[in-house]
Amino acid sequence: MNTLIRSLRSSLKISNVVVSNCTRNISTAPVYQSMWFGTKRSDQMRPFNVRLAHSSVDKELRQFLDNEIKSEEQTSDKTHLPKTFEGFKVSADGAEVELTKETSDETIAIKFNINHSVTEEETEGVDKVALRSKPDFEIDITRGDVILGFNCSYANNFDNTELDESNDEVFHIDEVTIYENKYSDNKYALAGDTLDADLYDLLKTFLAEKGISNTFIENISDLSTQYEQKVYIKFLNDLRNFF
């Protein structure tokens with residue numbers, strides 16, 4: 001009898017161990033894994049090849065840029081930006097261009113930036129629309145420590161047609177200021193549209209006598225257009241090399 005009881009106790013312990021192990025295994029099994037494989041299709045679990053897609057877009061960009069560069073080079077002026085322009089020395093730094101002329105008693109500086117300066121113009125011939133650079137520009141005339149400054153812009157109706165210097169206006173005086181040494185925001189500036197009409201005309205005549213006439217400013221637009229296209233082609237090449 002004692003032997004039978006010991007055997008039954010041993011069997012009961014073994015059964016408890018089995019049940020305990022089964023319970024632990026069931027409770028710690030990753031349920032989500034069985035749900036994933038039970039509900040997801042195999043093709044949905046394939047990883048997206050980001051590198052392949054990236055390479056495809058890069059290739060398309062390179063092809064487009066190659067074509068754009070070729071097209072621009074076919075129409076661009078092959079000459080370099082001149083060192084002098086109608087009596088002014090020319091210098092450029094990226095998008096900024098400066099023309100300077102010195103005399104015995106004064107210095108004239110004209111500065112402009114070609115960024116966002118291109119507009120469309122209607123033309124005759126095959127190409128109905130042409131791109132032209134018309135940047136806002138500054139004119140500083142320095143005598144000693146005193147600077148007479150003009151902020152100017154191209155007239156909206158300027159379209160590179162034949163000019164009548166006495167009637168047509170290629171550019172506007174938007175602002176006039178006078179200051180010593182260095183300009184700051186606390187200096188007074190007079191808006192061009194509030195200038196007395198006679199004073200406005202006299203200031204335009206004063207600039208024309210300095211060589212800054214309608215024709216000269218029209219030619220500045222030609223210079224800016226030529227230079228902007230060269231910088232644009234360089235930008236395209238830099239962009240092409242990036243990809």
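Two strands count as paired if DSSP finds at least two bridges between them, and the strands themselves are DSSP runs (E, at least two residues), just as helices are (H or I, at least four), numbered from the N terminus.

This is a predicted model, where local features need pLDDT of at least 70, side-chain atom pairs count only at pLDDT 80 or more, and totals for chains, interfaces and linings use all residues. Residues are numbered from 1 along each chain as its sequence is written, and side-chain values use heavy atoms, leaving out hydrogens and water.

View A. Follow the order 1-2-3-4-7-8-9-10, with antiparallel pairing. Strand 1 (84-85) and strand 10 (189-191) sit at the edges with a single partner strand each, so one side of each has no neighbour in the sheet.

**View B. Strand 3 beside strand 4.** Residues 96-102 (strand 3) and 107-113 (strand 4) run antiparallel, joined by seven bridges. Look for E98, whose bridge partner in strand 4 is K111.

**View C. Helix 4 on the sheet.** Helix 4 (residues 197-209) packs here, touching strand 7 (137-143), strand 8 (146-154) and strand 9 (171-180). Touching means contact, with heavy atoms within 4.5 Å. The helix direction makes about 85 degrees with that of strand 9; axes are lines fitted to C-alpha atoms, for helices over the stretch in contact, and angles run from 0 to 180 degrees between N-to-C directions.

**View D. Who lines the largest pocket?** Helix 3 (50-75), strand 6 (129-133) and helix 5 (214-242) each supply at least two lining residues. Strand 6 gives the largest share, five residues.
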